[in-house]
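Please read them with the structure open.

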Amino acid sequence: MRAARLHSYGQAPIIDEIETPTPVGGQTLVRIDAAALGHLDMTVASGTFNVRPPLPHIGGTDGAGTVVESDTFEPGTKVLVRGGGIGLFKAGCWAEYLVAADKVFTPFDSALDPHVAATFFLPSTTGFVTVNDVAQVVPGERVVVSGASGAVGSMAAQFALLAGASEVIGVVPREDQAALVPSGVRAVVGRGPELAAALGAEPVAEVLIDTLGGDALPPLLERVAPGGRAVLVGYTLGTELRIDLPNWLLSDVAVLPVNMMRRTERQAQLAPQLIDRLVAGEVSLAVQRFPLDDIADALRLMRDGKVTGRAVVVP
């Protein structure tokens, strides 16, 4: 089988021809239909993470596949692949086939596009938890979502609309990203002083959901109405935030973190209903597909922020 393997940390994976694995008791063999490319995958590949699997290593922590051989699942069953160390310290999804413990696989509604199935879990559960559990958006509130063209931001914006927000503003740093903002969301382009000018001087929302950090965050914090909430999810534009304490205390805006690593049980609980919503078309997730042979190019485009939605490789 073909597999994308890391031979050196900090370098792009290489497509190798290796032997197809054989399952033993308690294991399942699946054909990978789509494998996600995520920031965790890139972090592991960098060699700077505390998880350093032996090389060569097949990356890919999330995927969707079809059962080929198993004592637990019927052949042909569509399954999600996630957990159990897959892609971290065990062989991952960047391959044509994968053998792993039965517990790693979860059957899902076959009506869900496998490319979406491979990628939906993190952005959809994060978006839902951010809007409903942390921000607790209620009908009639105005919501600003920074990074609304990205996977998590897009999901958060859609769930804010479903929660009854009277207006959702989607902030994006570049003009070419405005077209990727979900339907029903008003796009605003800019960062730093440009963003401040585009939003105007007055508060524009009761709730801020920020997935960008960096210089996009300060002007957004200043435009949350007094007594509002700012929910911080990501930091793709920068990892530091400086707050003028007197003015922040005067504004009385709560700053709330989203740490999904502490919400794994909640994610598992939400997954079935989120699949139902994706199948029904209540929410959608943009996915950009790449052949497995082009995985190095796909990872480079991810680092440059030029991928539409989530990236998947197709063996």
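**Notes on the predicted model**

1. Start with Ala178. Setting aside neighbours within four places in sequence, Ala178 is in contact with Val172, Ala187 and Val189. Ala178 sits in the loop between β10 and β11 (186-189). Its C-alpha atom is 7.4 Å from that of Val188, a residue 10 places away along the chain. Bear in mind that this is a predicted model.

2. Now the largest nonpolar core. It has 47 residues, and those touching the most other members are Phe120, Val131, Val143, Val145, Val168 and Ile209. At least two residues come from each of α2 (114-117), α3, β9 (142-146), α4 (151-162), β10 (167-172), β12 (205-210) and α8. The largest share, 6 residues, is supplied by α4. As background, nonpolar side chains tend to be buried together in soluble globular proteins.

3. Not counting residues up to four places away in sequence, Ile209 touches Thr130, Val131, Val143, Val144, Val145, Ser146, Ala156, Val231 and Val233. There is also a second, separate core of 30 residues, which includes Val79, Trp94, Phe105 and Ile295.

4. Is Ser146 buried or exposed? Ser146 counts as buried because its relative accessibility is 0%, and buried means under 20%. Ser146 is found in strand β9. Apart from neighbours within four places in sequence, Ser146 contacts Val171, Ile209, Asp210, Thr211, Leu212 and Leu220. Ile209 therefore turns up again, as one of these contacts, under the 4.5 Å heavy-atom cut-off.

5. Salt bridges next. The count comes to 16. Arg2 pairs with Glu96, and the closest N and O atoms are 3.4 Å apart. This pair links distant parts of the chain. Arg2 is in strand β1 (residues 2-6), while Glu96 is in the loop between β6 (78-82) and β7 (97-101), 94 residues apart. Arg2 counts as partly exposed at 22% relative accessibility. Glu96 also counts as partly exposed, at 21%. Arg2 and Glu96 are linked with Asp293 in a network of salt bridges.

6. Which residue forms a salt bridge with Asp133? The partner is Arg266, with the closest N and O atoms 2.8 Å apart. Asp133 lies in helix α3 (residues 121-134) and Arg266 in helix α8 (residues 264-280), so the pair ties together parts that are 133 residues apart in sequence. Asp133 is partly exposed, with a relative accessible area of 24%. Arg266 counts as partly exposed at 26%.

7. One further salt bridge. The side chains of Arg277 and Glu282 meet at 3.6 Å, N to O. Arg277 counts as partly exposed at 23% relative accessibility. Glu282 is partly exposed too, with a relative accessible area of 46%.

8. On to empty space. Rolling a probe the size of a water molecule over the atoms shows where such space is left. The structure holds 1 cavity of 30 Å³ or more. The largest cavity has a volume of about 30 Å³. Its lining is made up of Val144, Val204, Ala205, Val207, Leu208, Leu220, Arg223 and Val224. By class, the lining has 7 nonpolar residues, no polar ones and 1 charged. Strand β12 gives the largest share of the lining, 3 residues.

9. Finally, the second largest pocket. About 340 Å³ of space lies in this pocket. The pocket is lined by 15 residues, and the closest to its centre are Leu221, Glu222, Asn247, Trp248 and Ser251. Two or more lining residues come from each of α6 (217-221), β13 (224-232) and α7 (245-251). The largest share, 4 residues, is from α7. The lining residues divide into 10 nonpolar, 2 polar and 3 charged.

Note on methods
Residues numbered from 1 in each chain as written. Predicted model: local features only at pLDDT ≥ 70, side-chain atom pairs only at ≥ 80, totals over all residues. Heavy atoms only, no water. Salt bridge = Lys/Arg side-chain N within 4 Å of Asp/Glu carboxyl O. Buried < 20%, exposed > 50% of the residue type's maximum accessible area, 1.4 Å probe, protein only. 1 Å grid on protein atoms, 1.4 Å probe; cavity = no way out; pocket = protein on both sides within 12 Å on 5 of 7 lines; lining within 4 Å. Points joined across faces, edges and corners; volume = space filled by probe spheres on them. Nonpolar A, V, L, I, M, F, W, Y, C, P; charged D, E, K, R; others polar. Core = buried A, V, L, I, M, F, W, Y, C linked by side-chain atoms within 4.5 Å.
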